[in-house]
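Here are my notes on the model, point by point. Please read them with the structure open.

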Amino acid sequence: MTKPSLPELLHAAVTAVGGVERPGQVTMAEAVAEAVDDNSHLLVQAGTGTGKSLGYLVPALAHGERVVVATATLALQRQLVERDLPRTVDALHPLLRRRPEFAMLKGRSNYLCLHRLHEGVPQEEEDGLFDQFEAATPTSKLGKDLLRMRDWADETETGDRDDLTPGVSDRAWGQLSVSSRECLGATKCAYGAECFAEAARERAKLADVVVTNHALLAIDAIEGAPVLPQHEVLIVDEAHELVSRVTGVATGELTPGQVNRAVRRSAKLVNEKAADSLQTASETFERVMELALPGRLEEIPEDLGYALMALRDAARTVISALGSTRDKSVQDEDAVRKQALAAVENIHGVAERITQGSEYDVVWYERHDRFGASLRVAPLSVSGLLREKLFTDRSVVLTSATLKLGGDFNGVGASLGLAPEGTEGEDVPQWKGLDVGSPFDYPKQGILYVARHLATPGREGSRDDMMDELAELVEAAGGRTLGLFSSMRGAQAAAEELRGRLDKPILLQGEETLGELIKAFSADPETCLFGTLSLWQGVDVPGAGCQLVVMDRIPFPRPDDPLMSARQKAVEQGGGNGFMAVAATHAALLMAQGAGRLVRATGDRGVVAVLDPRLANARYGSYLRASLPDFWYTTDRGQARRSLAAIDAAAKADGK
């Protein structure tokens with residue numbers, strides 16, 4: 001039997017998921033197959049509606065080697081494992097004459113821990129363990145969640161938090177899960193043979209396709225101990241998110257509360273002298289943190305330096321002492337010791353990292369209204385790490401609807417550690433950028449309107465002219481508005497103002513869960529939804545429910561953001577343009593994602609309105625506009641209103 005061609009396989013898969021073949025999808029599949037065969041790397045931009053998941057799954061499955069697919073969002077992981085992969089595997093089975101296996105793999109803390117469930121949680125203040133089911137009153141929210149999780153544990157096959165519906169709070173989940181550092185290990189644990197996390201790992205070892213998330217991919221790259229099985233092909237979907245997820249995993253944090261917990265957890269397990277030294281260091285650190293002012297620490301202040309060295313040395317002493325001291329009153333000592341060790345090792349690691357003072361790290365204080373001060377340390381750049389860990393020994397395909405900024409892939413490529421496309425060199429990963437376009441006719445389906453007549457937004461202060469403009473646009477659109485704001489304060493102010501002015505329901509992020517808000521927004525065409533960061537990327541409402549997307553201003557990073565400003569400064573010191581490389585790139589990605597909320601299907605029509613004149617007037621405006629879908633462009637406010645009113649009238653005539 002002759003080997004089936006890629007177009008045949010793609011046709012079978014697309015038919016199985018009830019889709020329509022798109023030229024961009026075929027182009028993408030061919031490019032992915034070529035990259036995998038050549039063991040080279042590919043950055044591919046595939047617009048909404050291209051069907052990009054099949055564009056990479058079909059050639060990857062046809063290749064026959066093990067593939068890891070890493071995504072940023074839970075929604076896409078679920079779509080792959082519950083819909084795309086089962087149907088694609090069924091469709092390809094007769095043609096390939098084999099049935100590829102697939103599995104989902106996440107970090108350990110995403111799975112229910114049977115040891116915690118049956119033996120209880122190591123108690124900090126007293127000896128032994130406490131039964132969390134006894135400790136939480138059955139009528140409290142926590143108590144009800146825990147009892148529901150106990151029942152669920154008997155019926156779940158995966159123990160995966162995301163399979164528990166409705167979900168539970170982080171606090172409740174934390175009672176019945178462990179981090180990889182706290183885990184006893186399958187061989188030492190009484191429940192190792194039934195462990196959900198271990199079972200997931202075993203399934204992944206046998207699978208042809210392993211679906212995971214960016215965070216686990218980052219842990220696999222950074223920590224040196226492989227968590228993912230050996231694989232020949234890595235596909236990173238939602239790749240525009242990768243750098244921020246890797247940065248998050250590589251960021252360390254110290255807070256007084258966290259240090260106090262480590263003191264309590266280790267006190268019963270070490271000699272008095274070791275316990276006292278950590279207690280004293282903890283009190284010194286707490287006093288320093290009480291005076292901490294938010295902002296970057298270019299140099300470590302003397303009092304903080306002393307406090308961190310004391311913490312580091314005391315933590316090292318406790319780690320050594322934990323191995324030898326035994327307290328007969330402690331029940332399930334292995335679990336208690338493991339939890340204490342994880343907490344103290346983390347403190348030692350972060351304190352050591354900051355005191356060593358690498359030029360490649362950024363250190364800063366943060367202050368939170370509820371949680372107080374924290375000390376944070378993050379890498380100035382993760383590009384070197386990604387170049388070294390991601391692009392060796394395997395073919396890597398990175399894909400997203402937004403990878404091409406200002407007209408090329410080099411900006412995103414640089415953040416991933418890649419030299420400009422076409423650069424030759426012995427240790428330079430070779431890659432190709434490909435834009436397969438979109439099935440949508442953007443100039444006919446959407447308008448980009450920039451409110452050029454408004455005042456340039458300042459850092460603070462009210463924007464009365466912007467509020468007037470927003471109200472008029474929402475009125476013209478008949479509701480149907482997704483408002484994307486660069487700060488929560490801006491979203492709240494706009495919601496408050498428009499609730500007083502317009503007879504339209506205005507939903508505000510934070511007043512209900514995101515899922516419920518999006519459901520309510522898509523159910524009623526007159527409804528508007530206002531919010532901040534997660535709405536710029538997480539909303540998929542095709543049809544008449546979303547015909548106006550408003551951005552209040554260009555979403556540059558805050559000037560006082562320690563990490564972004566440090567990255568900008570580093571680029572400038574190297575002779576580059578820090579503003580364009582960091583701030584403008586950050587804004588372009590977000591704006592491209594935000595503008596992508598408007599057209600989600602071939603029949604969608606609408607307006608993206610940017611209420612920031614800099615997009616029309618500033619030098620960098622053309623770079624940002626080139627990063628957006630190719631909408632018809634205008635600065636004519638009358639034109640924007642007339643178009644919105646016409647689109648609203650057409651939707652009402654269709655009964656929508």
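1. Start with the outward side of helix H13. The face turned away from the buried side of H13 carries the exposed residues Glu272, Lys273 and Glu290. This is a predicted model, so read every value below as computed from it.

2. Now the other side of H13. Its buried residues are Ala274, Ala275, Leu278, Ala281, Ser282, Phe285, Val288 and Met289. Viewed down the helix axis, they fall within an arc of 150°, so they line one face of H13. Their cover includes strand S8 (252-254), helix H12, helix H14 (302-322), helix H15 (333-356), strand S10 (361-368) and strand S11 (372-379).

3. Look next at Leu269. This residue is found in the loop between H12 (256-267) and H13 (272-290). Is Leu269 buried or exposed? Leu269 has a relative accessible area of 1%, and the cut-off for buried is under 20%, so Leu269 is buried.

4. Seven strands form an open sheet with parallel pairing, in the order S16-S17-S15-S18-S19-S14-S20. Strands S16 (506-508) and S20 (632-634) stand at the edges with a single partner strand each, so one side of each has no neighbour in the sheet. On average, neighbouring strands are turned by 15° against each other, direction ignored.

5. One pairing in detail. S15 (residues 481-484) and S17 (residues 528-531) run parallel over three bridges. Which residue of S17 is the bridge partner of Gly483? The partner is Phe530. Helix H19 (residues 464-477) packs on the sheet, touching S14, S15, S17, S18 and S19. The direction of H19 makes about 170° with that of S18. Helix H24 (residues 578-595) also packs on the sheet, touching S15, S18 and S19, at about 160° to S18.

6. Finally, the aromatics. The whole structure holds seven aromatic pairs. Tyr442 and Phe631 pair edge-to-face, 5.4 Å centre to centre with 90° between the planes. Tyr442 sits in helix H18 and Phe631 in the loop between H26 and S20, 189 residues apart. Both Tyr442 and Phe631 are buried. Ring pairs link Phe440, Tyr442 and Phe631 into a cluster.

How values were computed. Residues are numbered from 1 along each chain as its sequence is written. This is a predicted model: local features need pLDDT of at least 70, side-chain atom pairs count only at pLDDT 80 or more; totals for chains, interfaces and linings use all residues. Side-chain values use heavy atoms; hydrogens and water are left out. Two strands pair if DSSP finds at least two bridges between them. Helices (H or I, at least four residues) and strands (E, at least two) are DSSP runs, numbered from the N terminus. Axes are lines fitted to C-alpha atoms, for helices over the stretch in contact, and angles run from 0 to 180 degrees between N-to-C directions. Contact means heavy atoms within 4.5 Å. Buried means under 20% relative accessible area, exposed over 50%, partly exposed in between (1.4 Å probe, protein chains only). The arc is that of the directions from the helix axis to the C-beta atoms. Rings of Phe, Tyr and Trp (its six-membered ring) pair if their centres lie within 6.5 Å; planes under 30 degrees apart count as stacked, over 60 as edge-to-face and the rest as tilted.
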